[in-house]
Amino acid sequence: MRVTTFPDWTFDYEETRMGWYNLNATRITGNIIGIDGTDEYSGLERIISDIVDFELTQNRTYSYWNNVFAEIFKSNGIIFNNTLKLEKPNDHFKSWVIKLYDVELYFKSSEPEIRLIRNEKRLYSKKWTEFSGTEFYKLLNEIKPAANNV
């Protein structure tokens with residue numbers, strides 16, 4: 001699954017030589033993450049992992065993470081039903097669920113954990129305190145085949 005957008009971040013690519021890029025991601029607050037001299041795909045993956053790690057340190061609301069996954073699914077053409085509806089988007093609140101046919105990605109706030117379940121079988125589970133940029137890509141690699149096999 002390819003990640004080309006991320007809420008609150010913009011990306012700049014500069015091809016320094018054929019197939020090699022300097023990639024920069026800028027947050028709306030002005031924070032910048034950059035990688036020099038990399039191919040586009042692995043550079044973007046590294047920057048996204050760094051963004052996830054950064055946003056986790058910022059204690060973003062769970063609704064923010066729901067929006068992250070919703071945007072990724074939209075940009076990859078994955079049809080889903082997002083059950084999150086908030087009056088105040090920055091509220092810290094309960095759980096959220098995104099359904100992909102018979103696959104569910106959800107955050108369970110009672111025992112802060114993110115889970116991917118298909119037909120009552122757990123495909124991925126990680127305590128929120130252990131979630132990281134690396135885990136983000138592990139989860140995406142579980143979602144892609146689960147979403148494509150429905």
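Which residues of α2 are buried? In this predicted model, local features need pLDDT of at least 70 and side-chain atom pairs count only at pLDDT 80 or more, while totals for chains, interfaces and linings use all residues. Residues are numbered from 1 along each chain as its sequence is written, and side-chain values use heavy atoms, without hydrogens and water.

The chain holds 3 helices and 8 strands. Helices (H or I, at least four residues) and strands (E, at least two) are DSSP runs, numbered from the N terminus. Their order is β-β-β-α-α-β-β-β-β-β-α. Of the 150 residues, 42% are buried, that is, under 20% relative accessible area with a 1.4 Å probe, protein chains only.

Helix α2 covers residues 62–75. Burial takes in 10 of the 14 residues. These are Y62, S63, Y64, W65, N66, V68, F69, A70, I72 and F73. G77 follows α2 with a positive phi, near 70°.

An open antiparallel sheet is built from 5 strands, ordered β4-β5-β6-β7-β8. Edge strands β4 (81–82) and β8 (121–127) each have a single partner, so one side of each lacks a neighbour in the sheet. Strands pair if DSSP finds at least two bridges between them. β4 and β5 (residues 96–100) are joined by 2 bridges and run antiparallel. Here N81 stands opposite K99 of β5.

α2 lies across β4, β5, β6 (103–108) and β7 (113–118). The helix runs at about 15° to β5, the angle being taken from 0 to 180 degrees between N-to-C directions of axes fitted to C-alpha atoms, for helices over the stretch in contact (heavy atoms within 4.5 Å).

Definitions and conventions
Buried < 20%, exposed > 50% of the residue type's maximum accessible area, 1.4 Å probe, protein only. Expected span 1.5 Å × (residues − 1).
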